[in-house]
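Student: I should like to learn how to read the features of a model such as this one. May we begin with the way side chains pack?

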Amino acid sequence: MRTRRVLTTPAERAVHDTLHTASLAARPLRRGLDETSAREAAPHLRVLTGAQSLAIIGPDGEVLAWTGPHEALSAQLVAAAERAIDGGRRVLVGHADLERGAGDHDVRALVAQPLLIEGTGVVGALGVVVTTEPGPAMLGALTEVARYACGQIELAELDTSRARLDRAEVRALRAQISPHFIYNALGTIASFVRTDPDRARELVLEFADFTRYSFRSAGEYTVLSDELRNIDRYLTLERARFGDTLQVRLQVAPEVLSVVLPFLALQPLVENAVRHGLSGKPDGGTVSIVASDAGPDCVISVEDDGVGMDPELLRSGELDAVASGTGGPSASETAHVGLANVDDRLRAAFGNDYGLVVETAPGAGTKVSMRVPKFRPGIRV
């Protein structure tokens with residue numbers, strides 16, 4: 001039987017309380033520095049510094065948040081913060097230089113510590129009001145708290161940059177959706193307008209739903225069931241064009257339908273499989289899509305029985321060239337649209353253990369597999 005460890009000594013309790021307070025300050029700052037996050041973080045940062053009052057001041061000298069008494073000294077603290085921001089170093093206003101009101105006689109100093117992020121510059125300042133002489137311990141604590149706050153703000157900027165990169169990669173992936181497919185789908189629909197108007201109307205709706213999903217603006221992630229539904233629309237349009245020469249085998253475990261994965265992670269794999277499954281084969285080919293339960297993960301594979309490709313291209317690290325169709329004389333025949341993009345997005349979302357696995361050989365078809373965790377903190381639709 002496991003027993004819960006109890007914090008018994010004052011030192012243990014102090015460490016626990018400090019870590020807890022730091023985590024409370026980190027949560028809002030991980031969203032970036034603005035009035036809302038500053039207002040939520042300021043009380044916890046004040047506790048960490050031990051100051052009577054604390055202000056978070058923006059890069060232009062605006063007070064984003066103030067917690068504690070002595071707000072009448074805010075103008076002097078802002079002036080100190082502006083000097084700290086301009087100079088990139090701490091500014092201390094001592095007792096003799098303060099202009100104090102009736103309620104501020106116990107204040108001994110104001111201290112402004114710049115919030116400096118490497119590669120970005122000064123993004124603001126922490127200002128504190130103290131009622132004791134600011135010694136090395138207090139000033140050291142303020143420096144460390146400012147450094148900790150900067151770390152959280154920097155992580156927020158990285159998160160934002162990654163989100164922008166994800167959006168850019170999704171846009172790039174959308175651009176890689178084969179224009180030939182779009183043209184051919186519209187041509188197929190046109191061919192049914194006279195011969196089978198009802199079928200043409202059905203295909204128009206499928207095409208509209210396919211493009212609406214593929215070019216949606218909301219979210220970098222989707223659930224497997226939605227991704228498979230859009231793939232079904234794509235395959236419906238392709239089967240209308242190719243007829244019985246395109247065979248599709250689908251095997252999906254119901255328990256993995258709610259798994260979250262990067263948006264448009266499967267579409268490039270299926271489009272490649274259709275192209276290669278039919279390439280150079282007069283009798284057509286088969287595309288197999290399998291999604292299975294693998295304990296903590298979901299394993300998804302897309303396989304075709306087409307022409308395959310030279311595995312040396314993959315082993316030599318030329319996936320980007322293969323994906324873009326620039327990898328040598330045979331690349332135009334075996335161009336795998338968007339594989340590098342999908343591989344990068346999987347690794348960025350879930351870690352390097354979750355990239356694509358490609359099994360192929362000339363004349364032996366291609367199988368592309370991915371593992372997706374059933375649950376990962378911070379990954380949601």
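Student: Which residues does Leu 266 touch, not counting residues up to four places away in sequence?

Tutor: Contact means heavy atoms within 4.5 Å. By that criterion, Leu 266 touches Leu 224, Glu 227, Leu 228, Ile 231, Leu 261, Ile 300, Val 302 and Met 370. Please note that this is a predicted model, in which local features need pLDDT of at least 70 and side-chain atom pairs count only at pLDDT 80 or more, whereas totals for chains, interfaces and linings use all residues. Residues are numbered from 1 along each chain as its sequence is written, and side-chain values use heavy atoms, with hydrogens and water left out.

Student: Which members of the largest nonpolar core touch the most other members?

Tutor: In soluble globular proteins, nonpolar side chains tend to be buried together. A nonpolar core is a set of buried Ala, Val, Leu, Ile, Met, Phe, Trp, Tyr and Cys residues joined through side-chain atoms within 4.5 Å; buried means under 20% relative accessible area, exposed over 50%, and partly exposed in between (1.4 Å probe, protein chains only). Here the largest core has 47 residues, and Leu 224, Leu 266, Leu 269, Ile 300 and Met 370 touch the most other members. Helix H7 (residues 224-242) gives the most to this core, with 7 residues. Apart from it lies another core, of 29 residues, among them Leu 48 and Met 138.

Student: How is a helix checked, and what is the case for H12?

Tutor: Helices (H or I, at least four residues) and strands (E, at least two) are DSSP runs, numbered from the N terminus. The expected span of a helix is 1.5 Å times one less than its number of residues. For the 12 residues of H12 (residues 339-350) that gives 16 Å, and the end C-alpha atoms are 16 Å apart, which agrees. H12 is mostly covered, with 9 of its 12 residues buried, including Leu 339, Arg 345 and Phe 350. Gly 351 follows H12 and has a positive phi, near 110 degrees.

Student: Is Ser 214 buried or exposed, and what does its side chain reach?

Tutor: Ser 214 lies in helix H6 (residues 197-214) and is buried, with a relative accessible area of 0%. A polar contact is a pair of N or O atoms within 3.5 Å; within protein, one must be able to donate a hydrogen and the other to accept it, and residues adjacent in sequence count only if both atoms are side-chain atoms. The side chain of Ser 214 reaches the backbone oxygen of Phe 210 at 2.9 Å and makes a polar contact with the side chain of Asn 230 (3.3 Å).
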